[in-house]
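Hi,

Here is the structure I promised to pass on.

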Amino acid sequence: MNEIQQSLQRFLPELALTGALLLVVLVDCAQAAWKNAAMRVLTLAGLAGSLAFCLGLRGVSGEIWSGMMVVDPLGLFFKVLLIGASLLVALVFTFRNSRELHGQGQGEFYALLLAVTLSNLLMAGANDLAMLYLALEMVSITSYVMVAYMKGDRMSNEASLKYILFGAASTGAMLYGLSLLYGITGTTSLPGIREFLGAGMTDATRTTMYLVAMLVFAGFGFKTAAVPFHFWCPDVYQGAPTPVTAFLSVAPKAAGFAILTRFFFSGLATPGADAWDLTGSIDWPWVLMLVSALTMTVGNVAALTQTNLKRLLAYSSIAHAGYVMLGVVALSANGARGMIVYLLAYLVMNLGAFLVVTLIHHQDGTFDLRDYPGLYRRAPLLTVSMAIFLLSLMGIPPMVGFMGKLYVFAAVIERGPSYWWLATVGALNAAIAAYYYARILKTMIIDAGNEEKPAFRLATADQAWVAVLAIANLLPIFFWARIEDWARASLTLYAGR
Amino acid sequence: MTLQHYLLVSAALFALGVLGLLTRRNAVNVLMGIELILNSANLNLVAFSRYGTGNLEGQLFAVFVVVIAAAEVAVALAIVLTLYRLRRTPNLDEADILKG
């Protein structure tokens with residue numbers, strides 16, 4: 001009884017979201033003029049309440065629900081990030097400023113947004129293979145529906161179809177890996193698995209563990225859009241409604257990294273003094289290093305030739321997953337800190353870029369870079385903000401994107417000379433990325449064209465949110481010490497049994 | 001019957017599932033391949049639970065997987081149905097407007 005009460009208390013963020021989700025579905029049944037406004041308010045209230053409960057759990061560490069889930073500072077950091085992403089998406093993207101969502105039913109959107117957020121939180125706290133798989137599938141299934149939101153639209157439908165087939169295949173492979181892992185270790189609990197593997201392995205077990213790791217990585221790679229499981233990403237991001245794309249490019253990806261971290265650090269490694277000691281001396285870093293380097297390179301090189309902005313940002317988000325993976329590769333406390341700082345920066349810079357793209361589409365009805373010339377004259381605020389977001393994505397100081405890159409690169413370099421080649425690949429990639437980001441800016445600012453089109457008329461709220469996101473990219477460097485403290489304090493993973 | 005027999009059957013099912021996934025053009029057939037993959041993992045879980053580990057965690061996991069598989073197929077079929085409404089075909093090859 002005591003345990004249930006304590007679990008409930010530590011489960012309040014998720015409960016708040018569940019409550020809001022049910023209420024939204026209920027209100028959606030009403031036939032009243034106020035229902036859209038009510039659902040939006042309910043969604044925002046649910047997310048804000050959940051965020052408040054999260055902040056109330058600071059410093060708490062322990063298992064809940066008989067070890068199915070854990071609450072710990074690192075999980076909490078991810079929860080705050082994930083709720084923050086949903087909150088920003090719900091606030092910034094409305095049915096008014098998105099041409100694609102305009103006129104669609106609103107209830108399902110808010111319900112799905114809350115459902116994805118809820119499952120993202122479950123993923124950030126999963127401590128058992130069954131819970132891990134359930135949360136991952138819940139995120140996936142709800143995202144499939146979100147991508148297919150424009151029912152009569154062939155692109156949206158095709159994107160969702162590709163997403164679901166690819167997702168089902170990779171999570172199926174992952175499940176097969178999990179079942180083998182259960183067979184080897186005899187338990188589904190992550191700490192239990194670590195104990196078993198920590199006690200030593202025979203050669204046969206080690207070989208099987210390689211296979212298991214590959215299969216399981218298919219699921220994580222799919223969620224984080226890492227090469228070679230990234231093929232769905234450009235198509236899905238291009239076909240989905242832009243607000244959904246913006247959301248998917250940040251939240252499920254961050255949740256994927258949360259679960260990846262927990263699986264590798266909590267299930268397969270023991271926290272050492274400086275770096276985590278991987279149990280059973282399996283050579284993980286090489287696999288992860290290769291994936292990270294490939295992810296960056298494939299994403300950036302493919303982005304070079306794109307002219308559709310959504311597709312370009314999709315490839316750029318693949319590349320960014322590669323940078324975040326650098327933090328995982330380092331397998332150290334500093335690496336984990338780099339990863340979460342990078343994800344935090346990625347949230348504001350990527351959402352900002354997608355917001356500008358949405359607003360331009362709202363006015364001009366185009367995602368094509370070739371229609372972007374002359375925007376500097378027609379929409380100075382959007383152009384200047386886009387410049388800030390893109391410079392941040394490039395990693396130019398003093399934007400937050402620079403700080404993210406600084407942390408992950410530093411974490412990799414300090415691991416020693418055998419890691420330096422990876423840092424070099426990362427640096428070269430940053431240079432490639434600078435080219436296609438700068439090309440967007442050049443088109444918007446320098447190129448001539450579209451002289452006859454009228455200036456943008458933006459709603460005050462949209463202008464305000466663009467400005468807020470731009471400031472969120474510029475200002476954090478001035479109170480970096482506090483962010484640093486927060487990130488440092490968040491580095492505890494609950495590892496007990 | 002030993003554990004090995006079950007594992008062999010499940011590995012065969014997994015391989016068949018992957019084969020179906022890669023070679024079929026009809027979306028419904030591809031979904032059947034995915035079901036095979038999920039069920040091969042289920043067979044693994046239950047067999048390990050019965051012959052290997054001696055606990056029920058695997059059986060429990062398998063029940064949840066069944067539920068997830070049903071939910072996933074429901075969503076997938078809805079999307080395939082929309083594909084059919086929009087293009088009059090269940091063939092995946094013809095869903096090809098997104099590329100590049």
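Two residues count as in contact if their C-beta atoms, placed from the backbone, lie within 7 Å. This is a predicted model, in which local features need pLDDT of at least 70 and side-chain atom pairs count only at pLDDT 80 or more, while totals for chains, interfaces and linings use all residues. Residues are numbered from 1 along each chain as its sequence is written, and chains are lettered from A and ligands numbered from 1 in the order in which they are written.

First, the interface. On chain A, 35 residues are in contact with 34 residues of chain B. α7(A) gives the most to chain A's side, with 18 residues (helices are DSSP runs of H or I, at least four residues, numbered from the N terminus).

Leaving aside residues up to four places away in sequence, A:Leu343 touches A:Leu81, A:Ala254, A:Phe257 and A:Val324.

Finally, some backbone details. The peptide bond from A:Val227 to A:Pro228 is cis, with omega near 5 degrees, and A:Pro228 sits in the loop between α9 (203–224) and α10 of chain A. B:Arg88 has a positive phi, near 60 degrees, and is exposed, with 9 other C-beta atoms within 10 Å.

Best wishes

Note on methods. Helix = DSSP H or I, 4+ residues; strand = E, 2+ residues; numbered from the N terminus. Buried ≥ 20, exposed ≤ 12 C-beta atoms within 10 Å, placed from the backbone.
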